Amino acid sequence: MTPILDVQNLSIDYQSNGHPLHAVEDINFQVQKGRSLALVGESGCGKTTTMLSLLRLLPAEGRIIGGRILYRGTDLLRLSEREMRDYRWKKLAIVFQGAMNALNPVQRVSDQIAEAIMREPQITRKQALTRVGELIEIVGIPANRAQQYPHQFSGGMRQRAMIAMALACEPDVLIADEPTTALDVMIQAQILSLLQKLQRDLGLAVILVTHDLGVVAEVCDDVLVMYGGKVAEAGDVETIFNKPLHPYTQRLLQAFPDINRPGSTLASIAGHPPPLDDLPTGCRFEPRCHLSSEICKRIPPLALEHDAGHYVACHHVEQ
Amino acid sequence: MATEQKPILEVRNLQKYYPIGRGLLGRFSGSPEQVVRAVDGVSFKLQQGEILGLVGESGSGKSTTALSVLGLIPHTDGDVLFDNEAVTESATGKKRRELRRKMQMIFQDPYETLNPRQTIYQIVVEPLEVHSITRDKVEKHKRVIEALAQAGLKPPENYLQRYPDELSGGQRQRVAIAAALILKPELLVADEPVSMLDVSIRAEILNLLRQLRDEQQISILYITHDLATAGYFTDRIAVMYLGRIVEIGATKDILQNPQHPYTKALISVIPVPNPRLRRERVLLQGEIPNPINIPSGCRFHPRCPIAIDECRKIDPRLMPTNSAHQTACIRVK
């Protein structure tokens, strides 16, 4: 099956005082219709940068220095800014982290959703309002509350409104950056169920950016583990959780509490992720890795295919 | 843990109500004064060297309970006894200062709690000065070094002249812990101490707190919305809903044998890092109701999957389900 989105060898730099910082290097992944991919990693691993680049929304200092982003075969990186507008929001849409706090406080939620729909110039206000009705039903906002203002909404309801706005132009790729981070666990479960429903009912391809491995295990089909701007390991969710091969993935899983195993030990990973202005020469994880050896210090490992669809970037994993 | 032991902290029927303004018109028209019942009858005991998790969603009253325990806000009714002494916001002078020394708090966000213009030495030494514990420079220096070492910042000398922005989130939280430890407290109240930290370093902060308990018999009240970390690190868990404890018991018992329908639902929605264990989630509809209009009877009944008619009328009390476990639900036998 051809993927909806095929990202090949994507590399992104940030310019800082004239020096390029390598935020993302040589990332590859694909997303299929009706499936979900998790981009997992700690702060600073490049997951948000990667996601912003998919819509070409990087901040001014950010530059895509290589690679391709193929949406149904079209390389988004080769489009003019005007052509890109036919893709951004219309084909690929995004729910930003914390964006539920950026709703306009003095405008009714329904009007804000209508505004998002009217990005399409040919849509009339009347059509837009009908569509608002459909959207709020899809995302589970009670019809009688759409006329309210954001301050009358709880965090979970505001996040539903943000998802409705992202869906306004009927995209087929939905990117969600930490969509449940500030929410209570019960509300988190409601939002995750909603994302699963959208994936199933609308056939959306979902990219979920998160640091929460529990969320990944619950809702995602495929996983891309990033570390220091690179792919550490990628595969389907079953493989990543039950047969992880990269030492970072293994230890990240050990650092995560599992409610089914109370009293089990949690092991944190000593040290911290590398700063962009001081990246290790060899493997990015080497300074924190218990398997570190001479070659790890000198040569960055490539992400090689271990089994079908299972990629690992580690010198200590036999291919 | 023997229950006959004298608890270090005892909370009895704690209530904290916040009146809300009626506005000018309301006052003249004589509309009744409304109150937010943030904490509405909470009781628990904490033994010396015990870690109790107070778990709940936003609006459950867990943080208000913590602030009342520390005497940082006056409570409306009920008793908070620390070492058999009543903690009240109005306690004055020496006694109050002594209580404040023995109870220290660790906050959620180590990026905001440390003064960016102070060195680590200045931050950690400040509590000693506030409490006028010593004026001796050598002694102060020694105690700062000791506190930093206990908080796992090693070697401590390397941190003294650094500023918070030179440190990672985990290191900052350790500095905040050192500033609490320097007063040799008996109780630490930790309000979401790891929720702002990256997953890979959460465990080390929790392990540090547990080590402080093991080595110094410090009691810890761990306030969190996260049952998974509470399950990892506490001895007992109290689950709060809308200002009340609905279930309390030994951690393993709560997680493996939950009785209250709210606890069951909460546990069912905790993400488990194992895709083979995708379960049926018990999704409660809606959110915690407004604590101005607390539902009649059992306050959980409007969202409860097993509510019956009586649940609208009877306000359930915490009843023992086994020796180490209590539940407030009339449907639990």
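**Ground rules.** This is a predicted model, where local features need pLDDT of at least 70 and side-chain atom pairs count only at pLDDT 80 or more, while totals for chains, interfaces and linings use all residues. Residues are numbered from 1 along each chain as its sequence is written, chains are lettered from A and ligands numbered from 1 in the order in which they are written, and side-chain values use heavy atoms, with hydrogens and water left out.

**Where the chains meet.** I began with contact, meaning heavy atoms within 4.5 Å. Chain A brings 45 residues to it and chain B brings 41 residues. Next I looked up buried area, the accessible area (1.4 Å probe) that two parts lose on being put together, summed over both. Between chain A and chain B this comes to about 3800 Å², with 57% from carbon and sulfur atoms. Of the area that chain A buries against chain B, 21% is supplied by A:Met186, A:Glu218 and A:Ile259, more than any other three residues.

**Links across the interface.** I searched for salt bridges (a side-chain nitrogen of Lys or Arg within 4 Å of a carboxyl oxygen of Asp or Glu). The rule finds two across the interface of chain A and chain B. I noted the one in which B:Arg281 meets A:Glu218 through their side chains, at 3.4 Å, N to O. A:Glu218 is also among the three residues named above for buried area.

**Who supplies the A side?** Helices (H or I, at least four residues) and strands (E, at least two) are DSSP runs, numbered from the N terminus. Which helix of chain A gives the largest share of the side that touches chain B? It is H6(A), with eight residues. I sorted that side by class: Ala, Val, Leu, Ile, Met, Phe, Trp, Tyr, Cys and Pro count as nonpolar, Asp, Glu, Lys and Arg as charged, and the others, Gly among them, as polar. The side of chain A that touches chain B has 22 nonpolar, 17 polar and six charged residues.

On a 1 Å grid over the protein atoms alone, a cavity is a set of points where a 1.4 Å probe fits but cannot get out, and a pocket is an open set with protein on both sides within 12 Å along at least five of seven lines; lining residues have an atom within 4 Å of a point. Grid points are joined across faces, edges and corners, and a volume is the space filled by probe spheres set on the points. I found eight cavities of 30 Å³ or more in the whole structure. The largest holds about 100 Å³, and its lining includes A:Tyr227, A:His246 and A:Cys283. Strand E10 (residues 230–236) of chain A gives the most to that lining, three residues. The second largest cavity holds about 80 Å³. Among its 13 lining residues, A:Pro247, A:Cys283, A:Cys289, A:Cys296 and A:Cys314 are the closest to its centre.

Of its 36 lining residues, B:Ser43, B:Arg236, B:Ile248, B:Leu318 and B:Gln326 are the closest to its centre.

Most residues other than glycine have a negative phi, and most peptide bonds are trans. B:Lys154 and B:Pro155 are joined by a cis peptide bond, with omega about -10 degrees. B:Pro155 is in the loop between helix H5 (137–150) and helix H6 (169–181) of chain B. B:Asn84 is not a glycine, yet has a positive phi of about 70 degrees.
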